[in-house]
Every structure is written in structure tokens, then in C-alpha cells.
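Please work through the exercises below with the sequence and the model open beside you. Each task is followed by a solution that goes step by step.

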Amino acid sequence: MKKLLSGNEAIARGAWEGGAHFGAAYPGTPSTEILENLSKYEEVLTEWSTNEKVALEVAIGASFGGARALVAQKHVGLNVAADPLFSVSYIGVTGGLVIVTADDPGMHSSQNEQDNRHYARAAKLAMFEPSDSQEAKEFTRMAFALSEEYDIPVLIRMTTRTCHSKSIVELGERKEVEIKEYQKDFQKRVILPSHARKLHVEVEERLKKLKDFSNNFEYNKIEWNSKDVGIIASGVAYQYAKEVMPEASFLKISFSYPLPDKKIEEFLKGVKKVIIVEENDPIMETEIKAMFPGYEIHGKDMIPMINELNPSIVRESINPEEKKEKVDLGDIPPRPPALCPGCPHTGVFYILNQLKAIVAGDIGCYTLGALPPLNAMDSCVDMGASVSNAHGLDTVFRKLKGEKKRVVGVIGDSTFFHSGITSLIDLVYNKGAATIIILDNRITAMTGHQENPGSGKNIKGEPTKEIKIEDIVRAVGVEDVHVVDPFDLKNLKKVINDAIHTDEPSVIITKRPCALLFRKVKWSPLKVIPDKCVGCKICVRLGCPAISFRDNKAVIEPTLCTSCGLCADVCPTDAIVPVDESGTNIRDYWDYDEHVNNRDKEVK
Amino acid sequence: MELQSIIICGVGGQGILLASDVLSDVLIDAGFDVKKSEVHGMSQRGGDVVSTVRYGEKVYSPIVGEDEADMILAFERLEALRTLKYLKKDGKLMINDFKWDPLPVATGTLEYPEDVFERVKRKTNNIQIVDAVKVAEELGNIRVANVYLLGVLAKEMAVKRDIWESVIKRRVPEKAVEVNLKAFDKGYSGN
Ligand SMILES: Cc1ncc(C[n+]2csc(CCOP(=O)(O)OP(=O)(O)O)c2C)c(N)n1
Ligand code: SF4
Ligand code: SF4
């Protein structure tokens, strides 16, 4: 049967067909839907992990236990998981272990353009590079058996385009594989120096054997055509080049580490010159030029290293004379993403802006608090960095320079579980005094609303133990802890202002669900009474997408407004009122007292 | 048949991904090789959304570069202008005459360009402007705006109406099939 599948759906399907028993991941665009789709197959047990390192370690445990396991993450996620990655390379696998890395050339939703093909080299692991959904499915399926045969974790390198493009896939059936009997093997799995020295020898042996595999792998394929130009390409870059240069000969690289040296040599000998078309870094180019000096090989002298490729870029890079003249369409106002109407994060940044705090930010929807009109974030480095960056800033100002500065770290709930906890322990341990605001919107919103340890549900939406952030915060030694309603601006301002003026660490947890969790509810909107609006633009500074400013008056778009009431609260002339007093509004719909205060009373 | 590329663009929340899913299904049922591409991520937060559908006997790349798309269906005026760089010179541009202020315009820092239709003529004169909101309101269901727009697109394509009908029937809730088909036909018949 044929079906149009995204690359991510295809990977899940391939894992299922390949007999996977277990899957773990921390979400991250563009990889998130891999595990979401895998969780739909009954035969595979799946888990959202607290972070990528944990996901890989759990999967390694599952492999030790004899199961076939898959982990998936975005490219920067593999940085977080790099420590176990390098160890498991030496240790090897029992059940097949497949690790998907989803890179993001073009940085559609990431902080950098790192090329994770480097990881295959650095950690000495096998790597597949699918160029469409069919290959994504097939290579994933094959990867489990390969992993077991060569005793090696296998990397599958996807990119935003292969993850999120849909193409036609021929579906297969699942091949059931038994979970192997557990056997203790401490010389292999306890990675002491004495053991690792022996294992390293095997790692190098294994790579030699894999080179043979690579040379014989049918998807590492030479397509002879005109001998004037030969193209070597992998991943989606192959598709771009194939479209642009149908007359050229091709060496398509599908298994990209170790590279198929014999096939490459045969190809180099068969054509007059070679152009290597690869996205981002010149990885194949560097290796091939080193292996085979003396051939005419082009690469990054033509193909750009920055940004993702597309067919026109490839065409114009290879044939600069085909460059078309660009039509000037004039300035086009950008359409940046914004916090949603009724987003529980909005008020926090509105207040931080008013208080002129120095804000170390973090990664999530709330990073949008950095953009105008909120302008309330000074830095954002990587997940979890808000807490530690804030501590570093506070240390310099308070301890080294003796200055009073208002340093705040802002972090989301999922990000706090991911890597904020260790930073908070560090802050307390080292007598920091920064204020940390944890934006608990009850979900991992940015990546499309995944459950997390604080939401009380697992990947399938089934109930599980809810881990309370306030309990963790108190347990690590923070004494000044506040749980507040982010829609109560007055209280929020007072609590934050008090906290930034104390000389001890303070944690403020704002609790209210992401507005999109109530997508199906119909809200009764607010409206601006034009005669009362004095055009002060104070409400506009909330950055709510439902509010616009026209002819010197604020206007609310009724279809977007969730009636959170923040604009009405900040309006100095009471010009903003509900269209219908008795209608549903998001503030009362999720009643703070009922969900936070009263529940805590019951627990006590 | 030569490779064809269609871009559907607009603002997050306008139903663009659903529209391009329907389009892809139709093309598969019509027997083509199909690839579809879009970028997820920030789109949910009111950013711009672009979905590319390519079809023909054999499709390699899932995306197009500048000056390569045969047709663009824009759900919003400004997004028509933003995506226009991908259109072939004198390619077909269908614009829904709808304005959605981006945040910098809403907050009064930038102006919404008033001359969108004049500017698009620098690249193509092959323009059709429709009012999907009006049609959908007339039909009594604002949600059918995107299916009406698909009808407008379908008129320009050589795929039988039956195939569109069967995919729409498959994709929309049973209750809504009739009104969606009406909306589609309004676009398809051009009145
Ligand atoms: C190491 C790493 N893993 C994953 C991601 C992708 N990512 C960005 S933000 C985010 C989740 C943010 O959730 P939360 O902290 O709850 O904030 P929210 O979006 O809900 O406001 C994820 C998973 C990333 N950028 N870096
Ligand atoms: S998805 Fe949720 S958390 Fe993200 S901006 Fe919208 S309301 Fe806020
Ligand atoms: S009440 Fe005001 S701030 Fe809240 S969603 Fe509506 S317009 Fe936006």
C-alpha cells in the first residue's frame, strides 16, 4: 500500500516495521512528530523523557535489556545527549539502537545551523542520510538489524526538509523480533579505562567492516549519465541536484559514514569533474579530497555553506550565468510570531519591562517576550541557561562589583525539568540571589503541546504522577517561593518587585495553562469603547495579536480575543469591556483558586 | 507532463496546511507523483505559513526556489507579496482579498502597504483577486473559505472535478460536506 507520509511519520513507520520495542525522546522541532507517531503503534512502548541525555540513556538501558530502541531529537538535542553518545559508541548494543538527529539548515526553528554529520565522525558511529520519506522509512527499518549485526548505535540524519516534507511511501509489514534474554556483560558495559582500551580497538575494527558495508550498500548508488560532470550528493541535496542536473552522472550517498571509498574512486575515475552538493559544512568534500587527491573536485567553492539549499540555489551556484534578475517588490512588513491572545506569559514580560529588570531568558514560546513591544529579555543561550546565566550576572553585579541590579532568570516548565533544576541547585549552593521566574503553563507549548513531568500525563495522555515544581524548588533549598496567577498583574508586579530586592534566591512560579489548550472553547471577546479610548497605547504594549491600533484608537479583533482581561486591567480609562458580561472568558474558565489554592489546601 | 509547483501561503491559523493536504490527496488520486513541503514551528504563533505542493510524473525536490512556482494561492494580501519571489515571471497568482495586520502594523510601528496589488504587477499580470470571506459568509459558514479558495485554484488545474469532490467528502465532517462542496463549486465555476 502507498501513502503520502512526512519524513517523521516515515521514520516512525520504519521503526515499527523494523521491530522496535521502545522509543524515547525529548521534543524539538523538526523531530517532535517522530515519537508522537511512534506512540500510535501499540507494539512499541514510548516515553517523553525529561531531556535528550535521559532519553538516550533510557534507550541504552532498553538496548542492554535486549530490546530494539529508537531515540529522536533535534540537532542541538544531540549536544545534550553527547556524553552517553560517545560512551555507547564504545560499549555497543544488545538490542538494536537507532538515534535520529534532525538538523535544521536554514534555522527555521533553531538557534544554530550545526551539521550533525560531524557526530558520526567524532563518535565513530554509522550514519544513514535519507533523501525522502521512502528512504527514511527503509533506512530506519534496516538500521536496527545493522546496529545489532555490527554492534553499533546507528545515527539517522534528517533535516527540516526531510522531516517535514511529505512524499509517497510504500508501506511494509512489521517484522516481529524477540526481546533478547538479559545477560550481564560488565567488561563491555562498565566503561572503565581498562575496558575502554580494548573496546576502542573493536570500534576501529567495526568501522573497517562498515566501510565494506558502505561500498556494497545498494542505496549508495552510481547513476551513470553524461561523463562531463559527476555530482556527489546526500540527503535532500541529492533531490535538488537531481532536479537541476538531470543530464549529469550521480553518486548518491545514502549511508554517509563511513563513506564508500571504492564507489567514490570508481565514480571519480568515470567523470571529468565532480561537484559535491551538500548542505552546510564541506564534510564529504573534505574527506573525499583527502582520500583522493589529484581529481577535479568542487564543493564549497560553488555551493553555499550558509543557509539551506533549494533547486534554484543549486542551479545558480553551478551555473552562475543562469542567475535571474530579481524583481524588486519593495519593503514588506515582517510577520513575526507572537505570544497568543490570552497567553499566560504575556503579563510576566509586560511587568518585567516595566520594572526594567535584566532578564536572562530561555527557550520556549516565552522567548517571544524578547521581541517588541514587550522587549523584556536580555539573553537566551540554550535550554536551562536562564537560571545559570542569571546567577552569573548576579554574581558579577552583586558580589564582584557591589552593585544592586535586578537580575531575573525566566524559564518554562518543560525547560525547567529539562535542565533548569541542576542550575537552580548550583545557584542555591553558591549563595546566588537572582530571582527565577518559572512559567508553568502546564505543557511543553513551543513544540506543539507535549505532556511533561509537571502536566500529570504521559505521552499517550494517560494519568501519571504529577511532579510539582514548587516541591522541587523548596527541596533544593529555596526558601522564598511564590506561586502566583500571571493574570493577576497587580500581585505579580508586587511579588516580582519584592523578590528582586531581596538578597536571597527567590523563585516565582506563575501557574496558568497555555491558551491553546482551550482551542475548542468559544470565548466571548472584549471590546474597546471608542469614546473612552484616549489613544495612550498602553494596552498595545502587551503585544496581544488581537489588539491593533487604528486611527488613534485601540481595536480588538473579536475572533482572536480570549477575554483574558489583561488589556482591560492595564487600560487607565476603563475603555475596554466585555461584549457580553455573561460570556465565557479564559480567566474564569480555568479558575486559579480552584486549580491552585484550593487544591493545595486539600493536599495539606 | 511537466513538473508543476503550487504554493499556498497565508497566516498561521487560516487553514493552509489542511488546504495543501487536500490538494496533495487530489493529486495522488489523479495518479501523479507528489511531494509537499512546509515548515512547522513558529507558524502556530501567528507567523506566516508557506506550503509547497509539487507534482508530475516524477518529483525530486519537495521545495522550489525563487522564480520557479507555477501558481501561488495566497490566503492573505501581504503574504501574496511576501511569497511572490517564488513565482515564475507571469505565473498565476490568486489572492484572497483579506488583510490581517502583522504585529508591527497592529502596534502602529509599521504601515500595511496599500499598494500590494500594484506591486505584484511588477512580477505578474496574471492575477485573480477573490473575496473568500464574503463567499463563505454568504454560504453561512466562515470555515468554508479555504475550500472555496481551493475551488479557485482547481479551476486553473487539469484535474477532474470528481476527484476533488471525493477527497473533500473524505476530508470534511459529514455534516459539512454539502456546504463545502457548494463553496468549492463557487470557486471552481468562477462565480
Ligand atoms: C536541547 C534542546 N532541546 C529541545 C529544544 C526544542 N525546544 C525549544 S523550546 C522547547 C520547550 C519549551 O517548553 P516550555 O519550557 O514549557 O515553554 P513553553 O513553550 O511551554 O512556553 C523545546 C522542546 C531545544 N531548543 N533545545
Ligand atoms: S502556545 Fe501557549 S504558551 Fe505558546 S504563546 Fe500561545 S498561549 Fe502562550
Ligand atoms: S482580553 Fe485583551 S489582552 Fe486578552 S486576548 Fe482579548 S484583546 Fe488580548
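Predicted model: local features only at pLDDT ≥ 70, side-chain atom pairs only at ≥ 80, totals over all residues.

Residues are numbered from 1 along each chain as its sequence is written, chains are lettered from A and ligands numbered from 1 in the order in which they are written, and side-chain values use heavy atoms, with hydrogens and water left out.

**Exercise 1.** Determine which chains ligand 2 lies between, and classify its shell.

Solution. Begin with position: ligand 2 is placed between chains A and B. Next, list the residues around the ligand (those with a heavy atom within 4 Å of it); among them are A:Cys340, A:Cys343, A:His345, A:His449 and B:Arg45. Finally, sort the shell by class, where Ala, Val, Leu, Ile, Met, Phe, Trp, Tyr, Cys and Pro count as nonpolar, Asp, Glu, Lys and Arg as charged, and the others, Gly among them, as polar. The shell of ligand 2 then has eight nonpolar, three polar and one charged residues.

**Exercise 2.** Explain which parts of chain A are tied together by the pair A:Glu287 and A:Arg121.

Solution. Start from the rule that a salt bridge is a side-chain nitrogen of Lys or Arg within 4 Å of a carboxyl oxygen of Asp or Glu. The side chains of A:Glu287 and A:Arg121 form such a bridge, at 2.6 Å from N to O. A:Glu287 belongs to helix α13 (residues 283-291) and A:Arg121 to helix α6 (residues 117-123), so the pair ties together parts of chain A that are 166 residues apart in sequence; helices here are DSSP runs of H or I with at least four residues, numbered from the N terminus. As for accessibility, buried means under 20% relative accessible area, exposed over 50%, and partly exposed in between (1.4 Å probe, protein chains only). A:Glu287 is partly exposed at 22%, whereas A:Arg121, at 15%, is buried.

**Exercise 3.** Describe the salt bridge between A:Lys289 and A:Glu285.

Solution. These side chains meet at 2.7 Å, N to O. Both A:Lys289 and A:Glu285 lie in helix α13 of chain A, four residues apart, or about one turn of the helix. A:Lys289 is partly exposed at 35% relative accessibility, while A:Glu285 is buried at 8%.

Definitions and conventions: Helix = DSSP H or I, 4+ residues; strand = E, 2+ residues; numbered from the N terminus.
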